[in-house]
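Please read the sequence and the model side by side. The paragraphs below are meant to be followed with both in view.

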Amino acid sequence: MAPQDEDIPTTYPDPIHIGVIGGTGLDHLPHFRKAAVLHISTPWGLPSSPITILEHPSPSTGKAIPIAFLARHGPHHELTPSEIPVRANIAALRKIGVRCIIAFSAAGSLAEEVKPRDFVVPDQCIDRTKGIRPHTFFEDGFVLHVPFADPFDGKVGDVVRKCGHSLEGEGVVLHDKGTVVVMEGPQFSTRAESRMYRSWGGTVINMSTLPEAKLAAEAEIAYQVILMSTDYDCWHDSGDVTVEMVMGHMRANALNARRFIAAVLDELSKEEHAHLVRATHLAGARKFGISTYTAGRSEKALEKLGWLFEGYF
Ligand SMILES: CSC[C@H]1O[C@H](OP(=O)(O)O)[C@H](O)[C@@H]1O
Ligand SMILES: Nc1ncnc2[nH]cnc12
């Protein structure tokens with residue numbers, strides 16, 4: 001019998017390097033053993049939901065590998081994309097050791113060849129959020145600028161692509177590249193906006209990949225989102241996008257989405273990816289690039305950043 005949540009530990013003894021952020025239609029991962037549920041409070045507030053620690057046997061060693069799962073919109077999808085406490089989400093994941101995030105998101109297609117239920121592993125994004133979402137850890141007396149030319153981690157992206165291709169022929173269709181336009185919601189785009197995003201080279205559109213990817217970059221976390229196309233957005237003559245349409249495709253393809261994520265977790269749990277999931281290629285990068293002189297750094301900022309980047313500043 002599955003244990004009830006109240007019987008599950010609220011602490012976990014080891015650092016957890018791999019995180020999964022689930023989105024619309026993917027608010028939990030069944031078929032994994034629930035080892036703990038963590039309630040983490042951060043200097044940026046509470047995350048969207050408690051963090052569930054799932055254990056996954058490593059295919060190379062058989063050892064249980066912990067995975068941290070977070071439901072982006074809250075346990076009951078009560079947060080709009082603009083209300084998601086993204087800084088708290090990323091800070092809480094980093095605090096428990098996460099250095100590699102696989103995010104999952106429903107997206108509208110802006111390209112004829114990306115059909116509903118296809119998957120896209122994007123390599124670029126365009127920010128159309130409107131500056132109303134808190135989107136940096138470095139403010140209030142501590143200025144630090146982070147490179148963001150390639151918003152997703154190429155090494156993790158390659159692992160994800162390889163896993164997606166291994167499922168081809170079993171109902172998974174994968175597009176290896178693409179530009180995701182991230183818009184402010186909760187309303188969907190107008191037809192004029194949708195056509196404009198196509199003219200900009202957008203492949204897919206959603207409401208949540210930013211600032212998530214930006215904050216992960218600031219936190220030295222290797223981040224890759226997997227997008228599942230759930231509609232053709234409104235530029236297409238197949239009908240305007242509705243939540244029913246999105247959820248219908250999401251439900252119909254949920255099994256493939258879960259198989260895709262499970263394949264990625266299987267792969268990342270192998271010993272050969274031990275450095276990648278610890279993001280050793282990013283570790284320590286935030287010790288550099290600080291613009292604020294020592295005398296100008298505020299106590300408040302230093303306290304918050306000290307919690308997140310222990311021993312850095
Ligand atoms: C319910 S349709 C709009 C909604 O779907 C996507 O959610 P998520 O990225 O969390 O899967 C999109 O970004 C919007 O938030
Ligand atoms: N067409 C669309 N626009 C924005 N976000 C979405 N999420 C799913 N479909 C979407």
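The model is predicted, and the UniProt record, an unreviewed entry, lists residues 18–265 as "domain: Nucleoside phosphorylase". Within this model the end C-alpha atoms of that span lie 8 Å apart, and the span is 26% helix and 25% strand.

The largest nonpolar core holds 83 residues, of which C100, I101 and I221 touch the most other members; strand β5 supplies the largest share of this core, seven residues. Leaving aside residues up to four places away in sequence, C100 touches H17, I18, G19, V156, I221, A222, L268, L276, V277 and A279. In soluble globular proteins, nonpolar side chains tend to be buried together.

The share from β5, three residues, is the largest. In total, 13 residues surround ligand 2, the closest being A106, G108, N206, D233 and V241, and the shell divides into eight nonpolar, three polar and two charged residues. Ligand 1 is likewise surrounded by 13 residues, with G23, T24, S105, N206 and S208 the closest, and here the elements giving two or more residues are β5 and α5 (243–252). The shell around ligand 1 consists of five nonpolar, seven polar and one charged residue. N206 is named among the closest residues both for ligand 2 and for ligand 1.

Helix α4, residues 209–218, is mostly covered, with 10 of its 10 residues buried; among them are the charged residues E212, K214 and E218. P211 is found in this helix, and a cis peptide bond with omega about 5° joins L210 to P211. Just after α4, E220 takes a positive phi of about 60°.

Most residues other than glycine have a negative phi, and most peptide bonds are trans. H31, which is not a glycine, has a positive phi of about 70° and sits in the loop between β1 (18–22) and β2 (33–38). A279 also has a positive phi, near 45°, and is found in the loop between α7 (274–277) and α8 (299–308). Is each of these two residues buried or exposed? H31 counts as exposed because it has 9 C-beta neighbours inside 10 Å, whereas A279 counts as buried because it has 23.

Key. Residues numbered from 1 in each chain as written. Chains lettered and ligands numbered in written order. Predicted model: local features only at pLDDT ≥ 70, side-chain atom pairs only at ≥ 80, totals over all residues. Near = placed C-beta within 6 Å. Helix = DSSP H or I, 4+ residues; strand = E, 2+ residues; numbered from the N terminus. UniProt positions renumbered as here; feature names shortened; annotations may be inferred. Core = buried A, V, L, I, M, F, W, Y, C linked by C-beta atoms within 7 Å. Buried ≥ 20, exposed ≤ 12 C-beta atoms within 10 Å, placed from the backbone. Contact = placed C-beta atoms within 7 Å.
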